[in-house]
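Take a moment to turn the model around before you read on. We will walk through it step by step, from a patch on its surface to a few pairs of side chains.

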Amino acid sequence: MSARAWQELVGVFGVFTLITVVLTVIIWQSFISVRAKASAAREQAYQELAARAVAAQEQTARELTEARAQLTEVQTRLASVERILREVE
């Protein structure tokens with residue numbers, strides 16, 4: 001083989017290698033982008049779930065406070081009824 005043929009062969013392999021590397025980097029970056037978008041979607045879903053959990057917990061706390069107030073009122077009424085019944089006896 002002549003020197004010119006070797007240069008052409010090395011050039012062809014060089015261009016092939018360059019194209020392979022560029023395509024590999026493009027594909028790799030696209031996979032990374034897809035993975036980042038999926039991660040962002042999961043994070044958004046987690047934040048929504050956390051917000052719903054906090055709202056549910058706050059609602060439960062309000063209901064518990066109301067139930068305690070009602071229980072106190074019932075206990076007060078019961079004590080009053082017991083007192084009246086004792087007076088009647």
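Which residues make a nonpolar surface patch of about 770 Å²? The patch is made by Val15, Leu18, Ile19, Val22, Leu23, Ile26, Ile27 and Phe31. Patches are built from residues with over 30% relative accessible area and no salt bridge; like charges are joined within 9 Å, and nonpolar side chains (Val, Leu, Ile, Met, Phe, Trp, Tyr) within 5 Å. The areas themselves come from the Shrake-Rupley method with a 1.4 Å probe, and for residues only the protein chains shown count as cover.

Before going further, a word on what you are looking at. This is a predicted model, in which local features need pLDDT of at least 70 and side-chain atom pairs count only at pLDDT 80 or more, while totals for chains, interfaces and linings use all residues. Residues are numbered from 1 along each chain as its sequence is written, and side-chain values use heavy atoms, with hydrogens and water left out.

Now step back to the whole chain. It has one helix and zero strands; helices (H or I, at least four residues) and strands (E, at least two) are DSSP runs, numbered from the N terminus. The radius of gyration of the chain is 38 Å, well over the 12 Å that the globule rule gives for 89 residues, so the chain is more spread out than a compact globule. Here the radius is taken over C-alpha atoms, and the globule rule is 2.2 Å times the number of residues to the power 0.38. Along the principal axes, the C-alpha atoms fill a box of roughly 130 × 15 × 5 Å.

What share of the 89 residues counts as buried? The share is 0%, where buried means under 20% relative accessible area, exposed means over 50%, and partly exposed lies in between (1.4 Å probe, protein chains only). The chain exposes about 8300 Å², and carbon and sulfur atoms supply 66% of that area.

Val22 lies in helix 1, which covers residues 3–88, and Val22 is partly exposed at 41% relative accessible area. Ile19 is also found in helix 1, and its value of 46% makes Ile19 partly exposed too.

Leu49 has its place in helix 1 and is partly exposed, with a relative accessible area of 47%. Between Leu49 and Gly11 there are 38 residues in sequence and 57 Å in space, C-alpha to C-alpha. Leu71 lies in helix 1 as well, and at 48% relative accessibility Leu71 counts as partly exposed. The C-alpha atoms of Leu71 and Val81, 10 residues apart along the chain, are 15 Å from each other.

Finally, look at the charges. The chain carries 10 positive and 10 negative side chains, and the centres of the two sets lie 12 Å apart. Lys and Arg count as positive and Asp and Glu as negative, with His and the chain ends not counted; each charge is placed at NZ of Lys, CZ of Arg, CG of Asp or CD of Glu.

How many salt bridges does a search of the whole structure find? The search finds two, a salt bridge being a side-chain nitrogen of Lys or Arg within 4 Å of a carboxyl oxygen of Asp or Glu. One joins Glu8 and Arg4, at 3.7 Å from N to O. Glu8 is partly exposed at 46%, whereas Arg4 is exposed at 58%. In the other, Arg77 pairs with Glu73, the closest N and O atoms being 2.7 Å apart. Arg77 and Glu73 are likewise four residues apart in helix 1, so they are separated by about one helical turn. Arg77 is exposed at 55%, and Glu73 is partly exposed at 41%.
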